[in-house]
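Here is a walk through one model, feature by feature. Have the structure open while you read.

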Amino acid sequence: MPMLKEDFVKTEKINGVIYNMSPSPSYQHGVVNGNIYSVIKNGLKGSLCLPFMENLDYKYHPEITDDYVIPDVMIVCDRKHLKGGSYTGTPRFIVETLSPATALKDKTVKKEIYQKAGVEEYWIVSPKERGIEIYYLENGAYVLTYSFILQDDKEEEHYNADTVITLKEFPNISMTLEEIFENVE
């Protein structure tokens, strides 16, 4: 029997509940993820760590359930936890890019999942606002350490397009706000 487009549905399973991730979010969502992923991929050359974008199930407590999420961008370094289309270790870095359908889940449920799992750095990126919140894990809890909204008009007082953001665990990987939101109108 031929596979139909409808047969390829992207889902996440959280607390035993399956969430349909289709249809795909706006093109800006993919552009932002691609911008971040490209910088990370280049920065990880020669490293044992691997970047993934929207294509790897993260099974965040495989010893308890078969729940999984699909982070927009993540870095994994412990390759022994990669198997098939999933990862069962602790990612070193995760980005979730907001869309109207996932914003609440990304800011609450997923943030809590990543915090409990021990993910050291979590970014929540909003293409619509061209904004980014950066959380660092401190004593087992996320602390909002940086928050930016891109202002790329050089005539404006709070111009910040050239602000450099460096990944905490990967000091050789940096990007500007302008690079993150390139081609996002």
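## Two loops with positive phi

Let's start at Asn139, which sits in the loop between β10 (131-138) and β11 (141-149). Asn139 is no glycine, yet its phi is positive at about 55°. Asn139 is also exposed, with a relative accessible area of 86%; buried means under 20% relative accessible area, exposed over 50%, and partly exposed in between, using a 1.4 Å probe and protein chains only. For context, most residues other than glycine have a negative phi, and most peptide bonds are trans.

Before going on, a word on the ground rules: this is a predicted model, where local features need pLDDT of at least 70, side-chain atom pairs count only at pLDDT 80 or more, and totals for chains, interfaces and linings use all residues. Residues are numbered from 1 along each chain as its sequence is written, and side-chain values use heavy atoms, with hydrogens and water left out.

Asn15 lies in the loop between β1 (11-14) and β2 (17-20), and has a positive phi near 50°. Its relative accessibility is 62%, so Asn15 counts as exposed. The two strands form a hairpin with 2 residues between them. Lys13 has Ile18 in β2 as its bridge partner.

Which way do the β1 residues point? Thr11 and Lys13 go one way, Glu12 and Ile14 the other, and all are buried.

## A buried lysine

Lys105 belongs to helix α2 (residues 103-107). Its relative accessibility is 12%, so Lys105 counts as buried. Setting aside neighbours within four places in sequence, Lys105 is in contact (heavy atoms within 4.5 Å) with Glu12, Ile14, Tyr19, Met21, Lys110 and Lys111.

Next up is an open sheet of 3 strands, ordered β4-β7-β6, with mixed pairing. β4 (57-58) and β6 (82-83) are the edge strands, each pairing on one side only. β4 and β7 (residues 86-87) run parallel and are joined by 2 bridges, with Asp57 standing opposite Ser86 in β7.

## The disulfide

How many disulfides does the structure hold? There is 1 (a pair of cysteine sulfur atoms within 2.5 Å), and it joins Cys49 to Cys77 at an S to S distance of 2.0 Å. The pair links distant parts of the chain, 28 residues apart: Cys49 is in the loop between α1 (27-43) and β3 (50-53), and Cys77 in the loop between β5 (73-76) and β6. Both cysteines, Cys49 and Cys77, are buried. The torsion about the S-S bond of Cys49 and Cys77 is about 105°, so the disulfide is right-handed.

## Tyrosine cluster

Ring pairs link Tyr58, Tyr60, Tyr87, Tyr114, Tyr122, Tyr135 and Tyr142 into a cluster. Rings of Phe, Tyr and Trp (its six-membered ring) pair if their centres lie within 6.5 Å; planes under 30 degrees apart count as stacked, over 60 as edge-to-face and the rest as tilted. By this rule the count is 10 aromatic pairs.

Terms used. Helices (H or I, at least four residues) and strands (E, at least two) are DSSP runs, numbered from the N terminus. Two strands pair if DSSP finds at least two bridges between them.
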